[in-house]
Amino acid sequence: MRGTLVFSGSSCPALTGKICENLGMVAAEADLSQFSNGETSVRILTSVRDKDVFIVQSGSPTINDTIMELLIMISACKGGSANKVTAVLPYFPYSRQSKKKSHRGAITARMLANLLDIAGVKHVVTVDLHASQMQGFFKCPVDNLHAEPLIARWVRLNIPNWKEAVVVSKNAGGTKRVTSLADALKLNFGLVTTDRKRATNMTASMIMRQLDGWDHGATYLSGVRRTPTANSEDRSSDIHVNGLTYPPRSVAGSSDSSRRGAAPPLRAITTPRTPLARALHTPSQASPIEELRDEEEEAQEYNDERAQEVTQGRLVQGHVVPDDFISPAQSEGDGTQSYQGADEDPMAMSRESSFFAAEPHALGGSGEGGDSSDEEEEKLQDPKVEHMITLVGNVKDCPVLIVDDMIDKAGSWIAAAETVVKRGNAKKVYCMATHGVFGADCLEQLQACDCIDQIIVTNSFPIPDQRAKNASKLVILDLSYLLSEAIRRNHYGESISPLFQHMLD
């Protein structure tokens, strides 16, 4: 392409070479080095005056060095009178830090977006951001491409009975991504959730006992519980509020205030159920009983019935165990409390119950800071904490596609795979993600897991050749065609909407 230069960062020279090969050009020359004290040095060896410059840089084990190298390359091209500088980031660094996870935390992804803007970038091309709302951090246009069409095509071509497969999310935060792939392939989907096991029923505790029977309208009405008196001849009832008992209201006009009279029966006004009649029915005409009746009828129309296919299992140190398995926490104590010591404060236990837990936010957050992936993995590996893992959906005798945006730690992937195989009786398990980060020995652990058949990732994050050869289950999909077409369309001012459509076989 005339008037275009593509530079490669030190993180992904192989991917940049494939992109340039698809575009019919050669990567521009640049000298990237470091001084003895670790400082990054960049020298652009090609004229960039009035050129459309694209710099390809992804993540790497030395992520901070690659970020600094990218910023210096952008600044150098901008100082060399480049017409436009576009940063091509197949994997956007610090994408998991897109929100505050503590009250004194930092939104690092936004800070990196500000650094790119200050360096002089005018456009950003990336693939599968961890949170799509991160595009609002940038002051320049962002093309957030998706690897879903590429993964869906691989599924159709390489899984024999893919029409019987079930797409499963390994946590609640990835349901949107899973349902998108399931809709594209017209498949069923499921969900795996992990929660800390509770040893006591908090509904029966002293704090929660006052709310027993709240779901029975006859005995619990508008926060006031009515119970019949001991005297069978007396038809009136005492009123209990917050543990205190009050006598019913005396009959109006009675000379003896101590005498209790039976209250007249409550008359229910039937409200027309048509939309026009509801609109004409003014709020002043509605009574509390009528409003309660309306709520009960709406609850019957829209109820939260428990899913029919729900499978639960025990999770100890990141692995699914039989129901009769004695966990280390049980063997140390008397076996009655599997997740905490017997000397814990009951008030602390009640506060940890789901009744007092913060409601999760629609975008995956909550009122309090959430745990990072590393913290979640540490909790799964803690021998003193037993977890309960739940599978929602029917995966019996079906191939299962466990999907997420990246694979960094192996714990949650292995737990989800063991759950669908040992509890759900799944036939095969395919772990699919866009970014294969594979921190520490993650790839080796996934390779050693008997419940995982194949691991499918893209080449957005560089994987050493020797490490990839040792993992026979690993399949790497090529993103170079997607990125090269995005670069071509960006240079010529064409629409990139076709890149989001699924490819035909």
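User: Leaving aside neighbours within four places in sequence, which residues is S8 in contact with?

Analyst: This is a predicted model, so every value here is computed from predicted atoms. S8 is in contact with P13, T16, L32, V56 and M73, leaving aside neighbours within four places in sequence. S8 sits in strand β1, residues 4-8.

User: Why does S8 count as buried?

Analyst: Buried means under 20% relative accessible area. S8 has 19%. That is under the cut-off, so S8 counts as buried.

User: What makes the pair S8 and T16 a polar contact?

Analyst: The distance between N or O atoms must be within 3.5 Å, and one atom must be able to donate a hydrogen and the other to accept it. The side chains of S8 and T16 are joined at 3.2 Å. The pair therefore meets the distance limit.

User: T4 lies in strand β1 too. How do you know whether T4 is buried or exposed?

Analyst: The relative accessible area of T4 is 5%. The limit for buried is under 20%. T4 is therefore buried.

User: What does T4 touch, leaving aside neighbours within four places in sequence?

Analyst: T4 is in contact with M25, D52, F54 and H491. With H491 there is also a side-chain polar contact of 3.1 Å. A28 is 24 residues from T4 along the chain, and their C-alpha atoms are separated by 9.5 Å.

User: Next, N490. Where is N490 found, and why is N490 called buried?

Analyst: N490 is found in helix α14, residues 480-492. Its relative accessible area is 12%. Buried means under 20%, so the label holds for N490.

User: Which side chains have polar contacts with N490?

Analyst: K84 is joined to N490 by a polar contact of 3.3 Å. H123 is joined to N490 by a polar contact of 3.2 Å. Both values fall within the 3.5 Å limit. Not counting residues up to four places away in sequence, N490 touches F54, K84, T86, H123 and D143.

User: What makes I63 partly exposed?

Analyst: I63 has 21% relative accessibility. Buried needs under 20%, and exposed needs over 50%. I63 falls in between, so I63 counts as partly exposed. I63 is in helix α2, residues 63-79.

User: Where does Y94 lie, and what is its phi?

Analyst: Y94 lies in the loop between β5 and α3. Its phi is near 60°, a positive value in a residue other than glycine. Y94 has a relative accessible area of 27%, between the two cut-offs, so Y94 is partly exposed. The C-alpha atoms of Y94 and I63 are separated by 9.1 Å.

User: How do you know whether D128 is buried or exposed?

Analyst: The value for D128 is 14%. Under 20% means buried, so D128 is buried. D128 is in the loop between β6 and β7. Its phi is positive, near 50°.

User: Which residues of α4 and α5 make the contact?

Analyst: On α4 they are E148, A152, V155 and R156. On α5 they are R177, S180, L181, A184 and L185. By class, the contact has five nonpolar, one polar and three charged residues.

User: What do the buried residues of α4 pack against?

Analyst: They pack against α5, β17, β18, β19 and β20. The buried residues of α4 include W154 and I151.

Definitions and conventions. Residues are numbered from 1 along each chain as its sequence is written. This is a predicted model: local features need pLDDT of at least 70, side-chain atom pairs count only at pLDDT 80 or more; totals for chains, interfaces and linings use all residues. Side-chain values use heavy atoms; hydrogens and water are left out. Contact means heavy atoms within 4.5 Å. Helices (H or I, at least four residues) and strands (E, at least two) are DSSP runs, numbered from the N terminus. Ala, Val, Leu, Ile, Met, Phe, Trp, Tyr, Cys and Pro count as nonpolar, Asp, Glu, Lys and Arg as charged, and the others, Gly among them, as polar. Buried means under 20% relative accessible area, exposed over 50%, partly exposed in between (1.4 Å probe, protein chains only).
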